[in-house]
Amino acid sequence: MSAFLLEMKGISKSFPGVKVLSDVQLNLKGGELVALMGENGAGKSTLMKILGGIYERDAGTIVVKGEVQEKMTPDIAASRGIAIIHQELNLIPHLTVMENIFLGREYTYGKSGFVNWGRMRKETKRWLDQLAISLDPDTPVGELSVGQQQMIEIAKALSMQADILVLDEPTAALTNREIDALFEVIASLKEKGVGMIYISHRMEEIFQVSDRITVLRDGQYVGTVETAHTDMDELVKMMVGREITDRFPKADVKWGEERLRVEHLSVKGKLSDISFTVKSGEIVGVAGLMGAGRTEMAKALFGLEKVREGQIYVDGKPIRVTKPIDAISAGIALVTEDRKEEGLVLSLSVRENISLPNLEKVSSLGVMQPGKEQALADDAISRLFIKTAGGEQIVGSLSGGNQQKVVIGKWLATRPKILILDEPTRGVDIGAKKEIYDIMNRLAQEGVAILMISSELPEVLGMSDRVLVMHEGRITGEFTREEATQELIMYAATGGTSHAV
Ligand SMILES: Nc1ncnc2c1ncn2[C@@H]1O[C@H](COP(=O)(O)OP(=O)(O)OP(=O)(O)O)[C@@H](O)[C@H]1O
Ligand SMILES: [Mg+2]
């Protein structure tokens, strides 16, 4: 038997018109975690979908536990002990946590066909406990946060007792506590001999959990290095083929007039007494732990929450926002954190997605103008370096990071005065992150007021002129760029009040 649990060699894959993988290799030993890295669109998820039997390979060999797998289907993959936690969540919202975990493999009493709910509930509890999640197994998944849903996906994969486990950006939506719980589970799985392939754009994480790192670039295999014998600079060079020097290229922008003023904003049970301002050209970061109310605040400003009290002013004028169209016409745009639920229609093309909030720009007298629509899409594609075959590509077939760029592109096309970005670089690679920061700089220079919600402290510290910190629906800290430190922000994020301003 081979020393490897899994060997993939010479893997190639094309989709109509694009070669996505050519001659890629990857191997994995028992008890080992191999990180798979590369820029958005490098082919990481595609390689894993080939392993999981979702896509058929054009060429190459897959050997699982010494046995050559001529054919891979999802069933064969599962029977060979392979479980994949996909980048896109695949849960069914109206089913409960337990039903989702056991979907298609329900326990029954013997051969009777009667479903053994008791046993499934007990096992669900056991997996949730292991991940330190306190949730009722009977909660409908649709009521959970994105982070909680991600944890359920992880619980589901664990419950399959696979010995080859693929995690495709598992932590993108998790809280620090959830990440810690996940890493503990990863450590115990390693001890049990489970081999894991782990995809993430978060460097710090990769160094924390991986034993080896395999890098892809533009569908090609670049190399594999031992984590202990490499560093961030070497990895970045392998991934992007060049060095990236300044991770946070904050531009010096002269602020103008006050653009956004929020006074005493309250949403029942979610936000209380939120007040702040953002000037033209200013980037205000919003830090806080998951569940602190940051997304709810963004939604309230955009007409997606029922505001109980408070007043919003744009350019000094009071505005009334009860639905998104009110916000859009006042010049507010929101890039949501959850692109699948709220940000994009995955079955439509890049062009159509970009047109959606811009119908008045791409139509005249109520008639769509295909030329204008195409121009708007082309502009977004080139400004944001969106990796796509063109405006006609279906958004659902773009890589995760490129989907995020489409969300940003469609809102930029509305030419907003105030841009709210909720986790704008989640799942975005290091090069594309820099592109997004450059775009923020340019918009600030054009006078846009930017509110950037982010869970990545280096990003908050690196890109904000001012930092607001939220905790339990309130603002518990406000710091200038000069004052802000990781420690002060964390203190305020956990409930300590410290208004340094
Ligand atoms: N079903 C499909 N049809 C056409 N093109 C596809 C399809 N699936 C993926 N692609 C293309 O293949 C390339 C690789 O995509 P993939 O999702 O594997 O990237 P990735 O490395 O996982 O990126 P990310 O970090 O953004 O998730 C992209 O250019 C994408 O547009
Ligand atoms: Mg991917």
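Okay, so let's start with I274. Leaving out residues up to four places away in sequence, I274 touches V262, E263, H264, L265, M297, M470, G473, R474 and I475, where touching, or contact, means heavy atoms within 4.5 Å. Before I go on: this is a predicted model, so local features need pLDDT of at least 70 and side-chain atom pairs count only at pLDDT 80 or more, while totals for chains, interfaces and linings use all residues. Side-chain values use heavy atoms, without hydrogens or water, residues are numbered from 1 along each chain as its sequence is written, and chains are lettered from A and ligands numbered from 1 in the order in which they are written.

Now, where does I274 sit? I274 is among the residues with the most contacts inside the largest nonpolar core, along with F276, L301, L419 and L451. That core has 69 residues. By nonpolar core I mean a set of buried Ala, Val, Leu, Ile, Met, Phe, Trp, Tyr and Cys residues joined through side-chain atoms within 4.5 Å. Buried is under 20% relative accessible area, exposed is over 50%, and partly exposed is in between, using a 1.4 Å probe and protein chains only.

Helix α16, residues 430-445, gives the most to this core, with 7 residues. Helices here are DSSP runs of H or I with at least four residues, strands are runs of E with at least two, and both are numbered from the N terminus. There's also a second, separate core of 50 residues, including F183 and L189.

Next, L334. You'll find L334 in strand β16, residues 332-335. Is L334 buried or exposed? It's buried, because its relative accessible area is 3%. Skipping neighbours within four places in sequence, L334 is in contact with A298, F302, L304, W411 and I420. And K299 is 35 residues from L334 in sequence, but C-alpha to C-alpha they're 8.0 Å apart in space.

Last stop, ligand 1. Of the 21 residues around ligand 1, N40, G41, K44, T46 and G401 come nearest; a residue counts if one of its heavy atoms lies within 4 Å. For polar contacts with the ligand, we want a pair of N or O atoms within 3.5 Å. The side chain of K44 has an N or O atom 2.7 Å from a ligand oxygen. For S45, a polar side-chain atom is 2.8 Å from an oxygen of ligand 1, and for Q393 that distance is 3.4 Å. Helix α1 gives the most to the shell around ligand 1, with 3 residues.

Definitions and conventions:
A polar contact is a pair of N or O atoms within 3.5 Å; within protein, one must be able to donate a hydrogen and the other to accept it, and residues adjacent in sequence count only if both atoms are side-chain atoms.
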